[in-house]
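Colleague: Before we discuss the charged pairs, could you show me the structure and then take me through the terms one by one?

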Amino acid sequence: MNCCSLMPFMLGIPLLWPCLMARESPKTEEVKHPAGSPLRVRRGWMWNQFFVPEEMNKTRHHIGQLRSDLDNGNNSFQYKLLGAEAGSIFVIDERTGDIYAVQKLDREERSLYTLRAQVIDTTTGRAVEPESEFVIRVSDINDNEPKFLDEPYEAIVPEMSPEGTFVIQVTASDADDPSSGNNARLLYSLLQGPPYFSIEPTTGVIRISSKMDRELQDEYWVIIQAKDMIGLPGALSGTTSVLIKLSDVNDNKPIFKDSLYRFSVSESAPVGTSLGTIMAYDNDIGENAEMDYSIEEDSETFDVITNNETQEGIIILEKKVDFEHQNHYRIRAKVKNRQVEEQLRKYHTEASTTVIKIQVEDVDEPPVFLLPYYIFEIAEGSSHGSFVGTVSAADPDQRKSPIGYSITRSKVFNIDDNGTVFTTNLLDREISAWYNLSVTATEKYNIEQISAVPVYVQVLNINDHAPEFSEYYETYVCENAVSGQVIQTISAVDRDESIEDHHFYFNLSVEENNSSFTIIDNQDNTAVILTNRTGFSLQEEPVFYVSILIADNGIPPLTSTNTLTIHVCDCGDSSSTQTCSDKDLMLSMGFRTEVVIAILICIMIIFGFIFLNLGLRQRRKQTLFPKKSEDFRENIFRYDEEGGGEEDTEAFDIMELRGSTVMRERKTRRSTRAEIQSLYRQSLQVGPDSAVFRKFILEKLEEANTDPCAPPFDSLQTYAFEGTGSLAGSLSSLGSAVSDQDENYDYLNELGPRFKRLACMFGSAMQSNN
């Protein structure tokens, strides 16, 4: 069997596709004849292949022909086409073996079809040759344009980038067969855009062709075209847009908006006051626009700081100004970027500067003292009106207002209009050695302008206090003391202040005629008292008073007479005054112990009285109504149904409620229809009687106020009151002896809309029970 396929002209290029057929050498195969005689049949094909162009618009396109070597042209052979696409996409002429495509083929959807062919002898109905498999290949044509799959494209490149800088690479895809000619070979070109960019034709890489300035334009659009068939005539094309943004570089220095700024500041403004702001602009953005301001000269009075949010310079007062000293200033400020890369420093060689003029405004200032504080000295004991010192203050303003002085809260010192401080009372250094004063200066032209200065006055010491005993001495001497025995060591103190160390001299007073004791000065500000005889009598002379003269080393020296009391003591055999001291100590301690015990006893009596009183009150409360409380709790626990009103007195019969095993006899329910209807009508006519309720509540309140043993649950009984008597009677179920099943509730429907729900409930219940 032979096969041939001829492809028509495509795209103006004549192409002749040869018939591709793989043949085996002819073979013979013995086939049994129907009559039984063997018949040798020649076998003609093993494998065939056909080609068909895609996208053919013919409704019946001839692909090729299948023909057996045994076919002699007498039309006795029938050709059959087998396979999944046989009959639907491909058909065969059974007589001639011609194969046709009845549908439009697309190589991009499917490029290969596998079919089977068979030849049948119509005279015998048998297969002349066995089935043979062959393929149909769909050949490619340029029917797909290039497409950019990754669009939209966006690229960012730094401004001022040099020529040849890579920007972005765009890539298009063509669905045609890349092995079939130039159908899928693409060529890129810049279809539309500024002259700052170029594109490589084969790779689609976009590069910078010249420098760009972001401050002039920060983004560009370019349109890229991709053509297949390497741009030959008849090629298909696709386009895409690319957004190219320029990122900022620090190629602009900050520049002041104004070359001169004017500010003013009051001379009373405190340090840290903001005078105003200066502003520079920078065409760059982000970190490249961050700037720092500074003062060119070394100014100690003003400074400038940068506001990082607004990029403004804030002029700050660093030192207080004085209008009388200098009333205007002229400074120069400069600005520069905070961060500049090394390769961009050529754009920042000279910083931008501006001039700032500051005018100081004069204000009425308070007086100013010549010194920040004053220290004066005055001797103690100075007379009234003694001079202490002089303070001085002046008005710093040009008008030079006179100054008045005063001392705040002082009864010892005063000051005149000249600033002279003098005393108004005597000074005692031992009472107060230093005085801290506050002198106020006030302008007489403007009394609101006030200033103050501290004044420290030191009171100098004079020797005006005589020495005295350093403590009170309890001195004892034994009856059996011998002469020359030391019984006491004494010392002295002096409240005066001495330039040198204090030195005291001890001696017996010249008035002291008692020779029983003597004194020895130890020359170290102490002295010892010694006995001057042997033996003392407690009965005859129990106490001795010795006058001791003490002198200091002041100028002039002062002396004082101090009396030492000496008690005669029966020391026993110990011959020590310690026993006398212990006795006195024990006596005092015993007295103290008795006082403490007495206080504790009083406290215990008071607490006992309080506890007793509380116990009696509690006992009284517990015995007031124990049975009633118990009955009340039992009543609440046992009785859980609605009462029958004032007339249902059995509901509160405590004795019957206590008997849990005894059931009360139920009263017969008033069940007649006429009685209930009449009661209903009467109840509508009666209505609430507020006067009766008010009278009842007042009576109960009066009973509770007059009865000290009234239980607290009277209010519970009060709420159970229903008025002067309910005409409807009791509704309590406790008095019901008649079963609900024996009652007919049809009359409830005639009582009006108020009993409609009750009639539905009881009427439906009776029907369900029946």
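**Salt bridges and burial**

Modeller: A search of the whole structure finds 13 salt bridges. This is a predicted model, in which local features need pLDDT of at least 70 and side-chain atom pairs count only at pLDDT 80 or more, while totals for chains, interfaces and linings use all residues. Residues are numbered from 1 along each chain as its sequence is written, and side-chain values use heavy atoms, with hydrogens and water left out.

Colleague: Why is the contact of Arg207 and Glu200 called a salt bridge?

Modeller: The term requires a side-chain nitrogen of Lys or Arg within 4 Å of a carboxyl oxygen of Asp or Glu. The N to O distance between Arg207 and Glu200 is 3.0 Å, so the pair qualifies.

Colleague: What makes Glu443 buried or exposed?

Modeller: Buried means under 20% relative accessible area, exposed over 50%, and partly exposed in between, with a 1.4 Å probe and protein chains only. Glu443 has a relative accessible area of 0%, so Glu443 is buried. Arg399, at 42% relative accessibility, therefore counts as partly exposed.

Colleague: How do you know that Arg399 and Glu443 form a salt bridge?

Modeller: Their side chains meet at 3.5 Å, N to O, which is within the 4 Å limit, so the term applies.

Colleague: Which residues are linked in a network of salt bridges?

Modeller: The network links Arg214, Glu215 and Asp248.
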